[in-house]
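Open the model in your viewer and keep the sequence panel beside it. This tour tells you what to select at each stop and what is there.

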Amino acid sequence: MININMPVTINDIEKLNCGDTVCITGTLYTARDAAHKRLINCIEKGIDLPFDVNGQGIYYVGPSPAKPGEVIGAAGPTTSYRMDDLTVPLLEKGLRVMIGKGKRNDTVIEGMKKYGAVYLAAIGGAGAYISNSIKECEVIAYDDLGAEAIRKIEVKDLQLVVAIDCRGNNIYEIGREKFKTI
């Protein structure tokens, strides 16, 4: 288990290898496809983003409403390929960590290699479990998007797996190849 404190540096990212289990503590941001479209629109128009993405992580999640007394509702990962066409401009601005589920396309992987980022896999269907690691939650942008608004979340001991490291090693390909021979 590798402990990671957010935000991260390129040196932190370079130490991670495909298949490593990581435990994240610190600030993350949430954003799904609707929020990503707005972020990219800001970049294209030269407008400041609602948060500085440099060294940060985005968790692809649209949490359910919080129950009374809870910080957040179930917070399971969204399928990441939905953000693929909207990812590279954020990598160019220093985004270092992406968290979701499922494969990424070659353009995103090349961007990760070029700009120094990792893709971490969260367990699909484990939203209630994952929400236990979220200690604070605040909507910071695009409140009109409801569940897809951008949130600043504080996490403690959020356990994930490095699915694609900054060298392009990809657990989805490595795993498939490994089991072809069995």
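## Stop 1: the enclosed space

The largest cavity holds about 30 Å³ of space. This is a predicted model: local features need pLDDT of at least 70, side-chain atom pairs count only at pLDDT 80 or more, and totals for chains, interfaces and linings use all residues. Residues are numbered from 1 along each chain as its sequence is written, and side-chain values use heavy atoms, with hydrogens and water left out.

How is such empty space found? Rolling a probe the size of a water molecule over the atoms shows where empty space is left. Here the search runs on a 1 Å grid over the protein atoms alone. A cavity is a set of points where a 1.4 Å probe fits but cannot get out. Grid points are joined across faces, edges and corners, and a volume is the space filled by probe spheres set on the points.

The structure holds one cavity of 30 Å³ or more. Select its lining, meaning residues with an atom within 4 Å of a point.

Helix 5 (127-131) and strand 7 (150-164) each supply at least two. Helices (H or I, at least four residues) and strands (E, at least two) are DSSP runs, numbered from the N terminus.

Now colour the lining by class. Three of its residues are nonpolar, two polar and one charged. In this scheme Ala, Val, Leu, Ile, Met, Phe, Trp, Tyr, Cys and Pro are nonpolar; Asp, Glu, Lys and Arg are charged; the others, Gly among them, are polar.

## Stop 2: Asp 157

Asp 157 lies in strand 7. Its phi is near 60°, a positive value in a residue other than glycine. Asp 157 counts as partly exposed because its relative accessible area is 36%. Buried means under 20%, exposed over 50%, and partly exposed in between (1.4 Å probe, protein chains only).

## Stop 3: the open space

Next, turn to the largest pocket, with a volume of about 190 Å³. A pocket is an open set of points with protein on both sides within 12 Å along at least five of seven lines. Select its lining: Ser 64, Pro 65, Lys 67, Glu 70, Val 71, Ile 72, Gly 73, Ala 74, Ala 128, Ser 131, Asn 132 and Ile 134. By class, that gives six nonpolar, four polar and two charged residues.

## Stop 4: Thr 87

Select Thr 87, in the loop between strand 3 (57-59) and helix 3 (88-92). Is Thr 87 buried or exposed? Thr 87 counts as buried, because its relative accessibility is 1%.

Show its polar contacts (pairs of N or O atoms within 3.5 Å; within protein, one must be able to donate a hydrogen and the other to accept it, and residues adjacent in sequence count only if both atoms are side-chain atoms). The Thr 87 side chain reaches the backbone oxygen of Met 83 at 2.6 Å. It also makes a polar contact with the side chain of Arg 104, at 3.1 Å.

Then show contacts, meaning heavy atoms within 4.5 Å. Leaving aside neighbours within four places in sequence, Thr 87 is in contact with Tyr 60, Met 98, Arg 104 and Val 108.

## Stop 5

Go to Gly 26 in strand 2 (residues 21-30). Gly 26 is buried, because its relative accessible area is 13%. Not counting residues up to four places away in sequence, Gly 26 touches Met 6, Ile 153, Glu 154 and Val 155.

Move to Met 6. The peptide bond from Met 6 to Pro 7 is cis, with omega near -5°. Pro 7 is in the loop between strand 1 (2-5) and helix 1 (10-14).

## Stop 6

Select Val 139 in strand 6. Beyond its neighbours within four places in sequence, Val 139 is in contact with Ala 149, Ile 150 and Arg 151.

Finish at Tyr 142, in the loop between strand 6 (134-141) and strand 7. Tyr 142 has a positive phi of about 60° although it is not a glycine. Tyr 142 counts as buried, because its relative accessibility is 18%.
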